[in-house]
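Subject: Model for your review

Hello,

Here is the structure I promised to pass on. Please open it next to this note; my findings follow below.

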Amino acid sequence: MRSLAEDMLGIFNLERGMLYTLRELFLRPSTFLDEYFNKDRRRPVHPLRFLFLTAALATFLSLNLVFVSDNFSLKPRVDESGNVNFSLGPREDGVQSIDEAVKGIENEEARAQLTEIFDRASTLFNQLLNTLFLVLAPLRALFSWLFFRKKGYNYAEHLAANAFMLGWQNTFFILLVPIAMLNVNIAILVGFILSLIVTYMLASAFKTKNWFSAISRAFAVSFCSGLVFTAVIVGLVVYIFNSTV
């Protein structure tokens, strides 16, 4: 079996590894996939290995540098009855971060309860982010296989194609982490832009008639997989919450 070190060296091989895969996948997605499936599988990185390794690194950086408590704040809001509620959102100038807000609570019992809630939320977010990388590729592969059946690829090939594309997205998110660290909203915008590029790749790779049809089908893949994924996430949230209360 190949070791993790050998996998990493294979991915970062300058001649036939990551750089080749990133370039060709962006510039010639249809040709790249056709060559991978029908001609030479030695030059690109292995799609699933590529996805898992980039997903692991993207998850680690996201949890430790981008989606951290210092980048979020609790915003007090007063409803019509005069009750004070708090909403969680990206930190803004002049608003305390979560850590600052919790540390500023004088009542020890209330501070301990709030700390426990956020610890549980952090653990939950960690679990859900890992689930995102594990579930999204098979889901996207299922719907791309359904919407682009005329292209003639089977499900396993669609899985490999989507693994390549999501690996590409993870890679550039990793490279843009310094920018994403500036603000949570910037991180979300970066993710959205990268997801649009992946939609373009999908449309370009599996285009059979015209661009309008391909783009429509690619967005349908993103919408349907996102809808099912959201249902899975909601189910996990309910399950994890109920199992910890």
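**A buried threonine, then the rest**

T21 counts as buried, at 0% relative accessibility (buried is under 20% relative accessible area, exposed is over 50%, partly exposed lies in between; 1.4 Å probe, protein chains only). T21 sits in helix 2 (helices are DSSP runs of H or I with at least four residues, strands are E runs of at least two, both numbered from the N terminus). Beyond its neighbours within four places in sequence, T21 contacts F32, P44, V45, F50 and F164 (contact means heavy atoms within 4.5 Å).

**Ground rules**

This is a predicted model, so local features need pLDDT of at least 70 and side-chain atom pairs count only at pLDDT 80 or more, while totals for chains, interfaces and linings use all residues. Residues are numbered from 1 along each chain as its sequence is written, and side-chain values use heavy atoms, with hydrogens and water left out.

**Confidence**

The protein chain averages a pLDDT of 76 (the predictor's confidence in each residue, from 0 to 100). Of the residues, 63% score at least 70. Confidence is lowest in helix 1, residues 4-11, with a mean of 50. Helix 7, residues 155-175, is highest, at 92. Over residues 8-15, pLDDT stays under 50. The model has 15 contacts for that stretch beyond four places in sequence.

**Overall layout**

The protein chain has 10 helices and two strands. Along the sequence the pattern reads α-α-α-α-β-β-α-α-α-α-α-α. Of its 245 residues, 37% count as buried. Take the contacts between residues at least 6 apart in sequence: 65% of them join residues at least 24 apart. The accessible surface comes to about 14300 Å² (Shrake-Rupley method, 1.4 Å probe; for residues, only the protein chains shown count as cover). Carbon and sulfur atoms hold 62% of that surface.

**Nonpolar cores**

The largest nonpolar core has 41 residues (a nonpolar core is a set of buried Ala, Val, Leu, Ile, Met, Phe, Trp, Tyr and Cys residues joined through side-chain atoms within 4.5 Å). L33, F37, F164, M165, L202 and F206 touch the most other members. Elements giving two or more residues to this core include helix 2 (18-27), helix 3 (29-38), helix 4 (47-66), helix 6 (108-147) and helix 10 (211-244). Helix 9 gives the most, with nine residues. A second, separate core has five residues, among them L51, L136, A163 and L166. In soluble globular proteins, nonpolar side chains tend to be buried together.

Which residues does M165 touch? Not counting residues up to four places away in sequence, M165 touches L25, L33, V198, M201, L202 and A205.

A203 lies in helix 9. At 0% relative accessibility, A203 counts as buried. Leaving aside neighbours within four places in sequence, A203 contacts W211, A214, I215 and A218. S213 is in helix 10 and is buried, at 18% relative accessible area. For A203 and F219, 16 residues apart along the chain, the C-alpha separation is 8.5 Å.

**Surface patch**

L189, F192, I193, L196 and F219 make a nonpolar surface patch of about 480 Å² (patch residues have over 30% relative accessible area and no salt bridge; like charges are joined within 9 Å, nonpolar side chains, meaning Val, Leu, Ile, Met, Phe, Trp and Tyr, within 5 Å). Helix 9 supplies the largest share of the patch, four residues. F192 is found in helix 9.

**Salt bridges**

How many salt bridges does the structure hold? There are two (a salt bridge is a side-chain nitrogen of Lys or Arg within 4 Å of a carboxyl oxygen of Asp or Glu). R23 pairs with E24 at 3.0 Å, N to O. E24 also pairs with R28, at 2.4 Å, N to O. E24 counts as buried, at 8% relative accessibility. R23 is partly exposed at 41% relative accessible area, and R28 is partly exposed at 35%. Side chains of opposite charge can pair when their charged atoms come close.

Best wishes
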